[in-house]
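Reader: Hi! I'd like to go through this one with you before I set anything up. Can you take a look with me?

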Amino acid sequence: MEFWAYVPSLARGALVTAGITLAAIAIGAVSAFVAGIARVEGGRIAAAIALCYTEVFRGTSLLVQLFWFYYALPLVGLTLEPVATGVTVLALHVGAYGSEIVRGALNAVSPLQREAARALNFGRGHTLVHVVLPQAVVEMMPALGNLTIETLKLSSLVSLISITDLTFRAQAMRNLTLDSTTVYALTLIGYFAMSLVLMLALRLVERLVRRGAAFPKAAHA
């Protein structure tokens, strides 16, 4: 059947999509925490830099960012490979949106927690790591999970800079066979399957984080 003939090529594209997405999420998560913490706990300069980064990448089109990094940067002497460009832009996108999630979760922690830590003579860094962040991470997990799934779907845009991801291979196969229905049905199934795996993994992580946050409370009860 033609159905099965399409699967190997699309599966290879799905592996590229998964790799780019996971790399972007990992790097973007670091950027999100750095920028989010800088907005709340950093000095004026750090907060201003984090704010500029967040607003620029939240306020401009991801597609235009991809094109700018891929086509404009070489004009000033900085050339990135297509995959590196895709991962970098997606990571910066994740970091910008994620930083707002981190900032909101940090601000949601009661000021009384910080006051109690100061009363116990905890330093600023110690308070952040051992008092504020454990509570904030629990609150930010659902929103970060949604951002992760959104990043997977947005990764289809990297096909426009010649990365042979799932969308690129689907488009090439459709142009070759003119079998739009089957090719794009398989593509939809591929994205849904990857999203489902991500959702299950994120729910497991969220459950573990909430359980870990509950143990200290139970110990002091």
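Author: Happy to. Let me begin with Ser 162: this residue counts as partly exposed because its relative accessibility is 47%. Keep in mind that this is a predicted model.

Reader: Where does Ser 162 sit?

Author: Ser 162 is in the loop between H6 and H7. Its phi is positive, about 70°, although Ser 162 is not a glycine.

Reader: Let's zoom out. How many helices and strands does the protein chain have?

Author: There are 8 helices and 0 strands. Along the sequence the pattern reads α-α-α-α-α-α-α-α. The C-alpha trace spans about 70 × 45 × 20 Å along its principal axes.

Reader: And what is the mean pLDDT?

Author: The mean is 85, and 95% of the residues reach 70 or more.

Reader: Good to know. What share of the residues counts as buried?

Author: Of the 221 residues in the chain, 37% count as buried. The chain exposes about 12400 Å², with carbon and sulfur atoms supplying 69% of that area.

Reader: What about contacts between residues 24 or more positions apart?

Author: They make up 76% of the contacts with a separation of 6 or more.

Reader: Now the inside. Which residues of the largest nonpolar core touch the most other members?

Author: Those are Ile 20, Tyr 53, Phe 57, Phe 69, Leu 90 and Val 158, in a core of 21 residues. Helix H1 (2-41), helix H2 (44-59), helix H3 (62-72) and helix H4 (82-108) are the elements that each give two or more residues to this core. The largest share is from H4, with 6 residues.

Reader: Which residues does Phe 69 touch?

Author: Leaving out residues up to four places away in sequence, Phe 69 touches Phe 57, Pro 74, Leu 80, Thr 85, Thr 88, Val 89 and Leu 92. There is also another core lying apart from that one, with 14 residues, including Val 94, Val 132, Met 140 and Leu 144.

Reader: Switching to the outside: which residues form a nonpolar patch on the surface?

Author: Phe 67, Tyr 71 and Leu 160 do, and together they have about 290 Å² of accessible area. Leu 160 is in the loop between helix H6 (124-154) and helix H7 (166-177).

Reader: Why does Leu 160 count as partly exposed?

Author: Because its relative accessibility is 44%, and partly exposed covers the range between under 20% for buried and over 50% for exposed.

Reader: Fine. On to electrostatics: how many salt bridges does the structure hold?

Author: It holds 4. In one of them, Glu 100 pairs with Arg 39, and the closest N and O atoms are 2.8 Å apart. That pair links distant parts of the chain, with Glu 100 in helix H4 and Arg 39 in helix H1, 61 residues apart.

Reader: What else does Glu 100 meet in a salt bridge?

Author: Arg 103, at 2.9 Å from N to O. Glu 100 and Arg 103 both lie in helix H4, 3 residues apart, which is about one turn of the helix. Arg 39, Glu 100 and Arg 103 are therefore linked in a network of salt bridges, each pair being a side-chain nitrogen within 4 Å of a carboxyl oxygen.

Reader: Great, thanks for the tour!

Definitions and conventions
Residues are numbered from 1 along each chain as its sequence is written. This is a predicted model: local features need pLDDT of at least 70, side-chain atom pairs count only at pLDDT 80 or more; totals for chains, interfaces and linings use all residues. Side-chain values use heavy atoms; hydrogens and water are left out. Patches are made of residues with over 30% relative accessible area and no salt bridge: like charges are joined within 9 Å, nonpolar side chains (Val, Leu, Ile, Met, Phe, Trp, Tyr) within 5 Å. Accessible areas come from the Shrake-Rupley method with a 1.4 Å probe; for residues, only the protein chains shown count as cover. Helices (H or I, at least four residues) and strands (E, at least two) are DSSP runs, numbered from the N terminus. Buried means under 20% relative accessible area, exposed over 50%, partly exposed in between (1.4 Å probe, protein chains only). A nonpolar core is a set of buried Ala, Val, Leu, Ile, Met, Phe, Trp, Tyr and Cys residues joined through side-chain atoms within 4.5 Å. Contact means heavy atoms within 4.5 Å. pLDDT is the predictor's confidence in each residue, from 0 to 100.
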